[in-house]
Number of protein chains: 2
Amino acid sequence: MDLAAWKVFLDAAEFGSLSKVATAHGTSQPQISRWIRDLERDCGGRLFQRTGRGVALTEFGARVAPKVRAWVASSEQLANDIRTASGTPIGNVRIGSLPSTAHPLLTTVFMRLKKLYPLVQLTVREGQGAQIETWLDEGSVDLAILFRISPKPKDGDIYLFGAPTYLVSAAGDPLTSRATVEFAELDRLPLVLFCRPSGWRNHLEEVAAKHGVSLNAALEADSLGMQTNIVGAGGIYALLGPYAVAAASRTCRLQASKLVAPTVHRHVALAMSPRGKSTLACQAVMRVIRECAKPDLMAANR
Amino acid sequence: MDLAAWKVFLDAAEFGSLSKVATAHGTSQPQISRWIRDLERDCGGRLFQRTGRGVALTEFGARVAPKVRAWVASSEQLANDIRTASGTPIGNVRIGSLPSTAHPLLTTVFMRLKKLYPLVQLTVREGQGAQIETWLDEGSVDLAILFRISPKPKDGDIYLFGAPTYLVSAAGDPLTSRATVEFAELDRLPLVLFCRPSGWRNHLEEVAAKHGVSLNAALEADSLGMQTNIVGAGGIYALLGPYAVAAASRTCRLQASKLVAPTVHRHVALAMSPRGKSTLACQAVMRVIRECAKPDLMAANR
DNA sequence: TTCAGATATACATAAATTGTATAGGAGAAA
DNA sequence: TTTCTCCTATACAATTTATGTATATCTGAA
């Protein structure tokens, strides 16, 4: 009764493909093939029918799948119970984060965590907003740090701090030489924007429409590095948060001006996966993140 | 959540000693030590307190032990369910057997089993009567083949066939030259008998007392091989069943005479462990054993 | 303080797991 | 039907992991 192998079995039953399971688990396809073979050897019967286009549960496989599902759930429940009972946060916590906030916030979190809870292991995946949300829903990350637009937290989200939006250009650009720039000035300005679908992109378009401003998406790029370099070359502008500006400034000589009238505000939020197991380790990481996100600490790190 | 490791944990909690667990599992002590260490690493807390005279559960260990016990039970339950659902007998079946009946009965069983149910793996342990009963009670064997004296089966035992008792001597001995020998003739005869405690030994003594015969235990030996060789050297007699006689005859030149007036009868019985899991494999093995024990087949193999 | 009995560690060896490359098959499309 | 494509299974080499032996270390008892 190998827990990992049976979890693979359940995944394979769901995906209908060993290759996809291999990708999802970050391993090779032959490996999955062997694990399933071993399970079948131990059971004395075929669990899957190989169809040349993937795998499908046999009648036997379908019969045991629900029992296995229940057992896997109870096993993970027990693992959590034990770790909770130990009183020491331990285990792996997976965080999905925006590239811009990964550093320095998560760097600080990591250092602090190592000191306070050395047994907690952090896994950080970087991604764009929509992808991080997908990860959260799938349960492939436990926590996420992302932008929220709504002024009030919901779904158990915790708002860490607000993030105004800056118009970013190459150094020396007259438009961004002042401390602030009005939203209306964005009209027909060549912008590099994030690819759709993006909640942030939608929000920008909405605000623009409300103010009769037409956004000119000269380029769509999800890569922050690419946005940065394009903007650095001059003649094109980006709309970024403070972290992204700070990070980008280390690479190119840039100049940023705060967007006002209206200010476009986002919130950096800490979100939990709805499928999340609320382990001690997870709680500890959340606690540390909130501590590290205190404004005074942030200022010191910025 | 490694099932095997947690079973070791439970055993260690019961025995209070890693060394004993190692012996019971047929592995080395450092191995057990490492498994426990790994469990403790994964849990984030000490499960055992090392006392210099073994190990004792910590408060934490005591707290998780019942949950682990329940989970281990449910896991094994599931394993059985799955194998039963497969419809194919599979898995390991452990049989405790008397040395005398291990061959040829179990040899035949093994061959037949391999043909009918190739996925069933047999583990045969040989031992004396009392030890086999211990194994049955402990659950360290699933099935046992042993002697029963009572004329009627009980406890779910299945009687395979009757086994009369023979007086065995070296070849050429006048006392055993006839086909039968009367019980009364055993009086003061130098005998090699099985060690106490032994149900068989007790039964012999009882019968002897009832007939006013005094048994002379010139030697007590549980080893069948030793009994055989001693008897083969002459001047001393043994009381054995037909299988033992047949097996011994292949080693030494012996002569056997059936004990009568009264005949002392035992039954070769198939017993199940009270803690036994009635798997398909176990049922298959029992079926095959009963088939192989049919008198006509036995005669052909004798 | 010494001794007996137990667990932990070091290291060499044996075994298993894993990934890459490749072969073999079953459906889909022409 | 035939070809093509996508997927699973197998061979093999390299690495990692697990295991046993010998030994060190520790704790409680006399």
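Helices (H or I, at least four residues) and strands (E, at least two) are taken here as DSSP runs, numbered from the N terminus. This is a predicted model, in which local features need pLDDT of at least 70 and side-chain atom pairs count only at pLDDT 80 or more, while totals for chains, interfaces and linings use all residues. Residues are numbered from 1 along each chain as its sequence is written, and chains are lettered from A and ligands numbered from 1 in the order in which they are written.

Six strands form an open sheet with mixed pairing, in the order β8-β12-β7-β11-β9-β10 (chain B), where two strands pair if DSSP finds at least two bridges between them. The edge strands, each of which pairs on one side only, are β8 (180-182) and β10 (216-220) of chain B. Direction ignored, neighbouring strands of this sheet are turned by 40° against each other on average. Within the sheet, β7 (residues 166-170) and β11 (residues 237-240) of chain B run antiparallel and are joined by three bridges; V168(B) has A238(B) in β11(B) as its bridge partner. Helix α8 (residues 224-232) of chain B lies across β7, β9 (190-193), β10, β11 and β12 (254-260) of chain B, and runs at about 60° to β7(B); axes are lines fitted to C-alpha atoms, for helices over the stretch in contact, and angles run from 0 to 180 degrees between N-to-C directions.

The next topic is how the two protein chains are related. Chain A is superposed on chain B by a rotation of 179° with 0.2 Å of shift along its axis, with an RMSD of 0.3 Å, and that is the relation of a two-fold axis. The superposition is by least squares on the C-alpha atoms of residues with pLDDT of at least 70 in both copies. Of the residues of chain A, D2(A) comes closest to the rotation axis, with its C-alpha at 3.5 Å.

Where the chains meet, 23 residues of chain A are in contact with 23 residues of chain B, contact meaning that the C-beta atoms of two residues, placed from the backbone, lie within 7 Å. On the side of chain A that touches chain B, α4(A) gives the most, with 14 residues. By class, that side has twelve nonpolar, seven polar and four charged residues, with Ala, Val, Leu, Ile, Met, Phe, Trp, Tyr, Cys and Pro counted as nonpolar, Asp, Glu, Lys and Arg as charged, and the others, Gly among them, as polar. Because 100% of the interface residues of chain A are also interface residues in chain B, the copies meet through the same surface.

The axes of helix α4 (residues 59-86) of chain A and helix α4 (residues 59-86) of chain B come within 10 Å and cross at roughly 170°. The two helices are therefore roughly antiparallel to each other. Among the residues of α4(A) that meet α4(B) are F60(A), W71(A) and L78(A), and among those on the side of α4(B) are F60(B), W71(B) and L78(B).

Conventions:
Angles under 35 degrees count as roughly parallel, over 145 as roughly antiparallel, 65 to 115 as roughly perpendicular and the rest as oblique.
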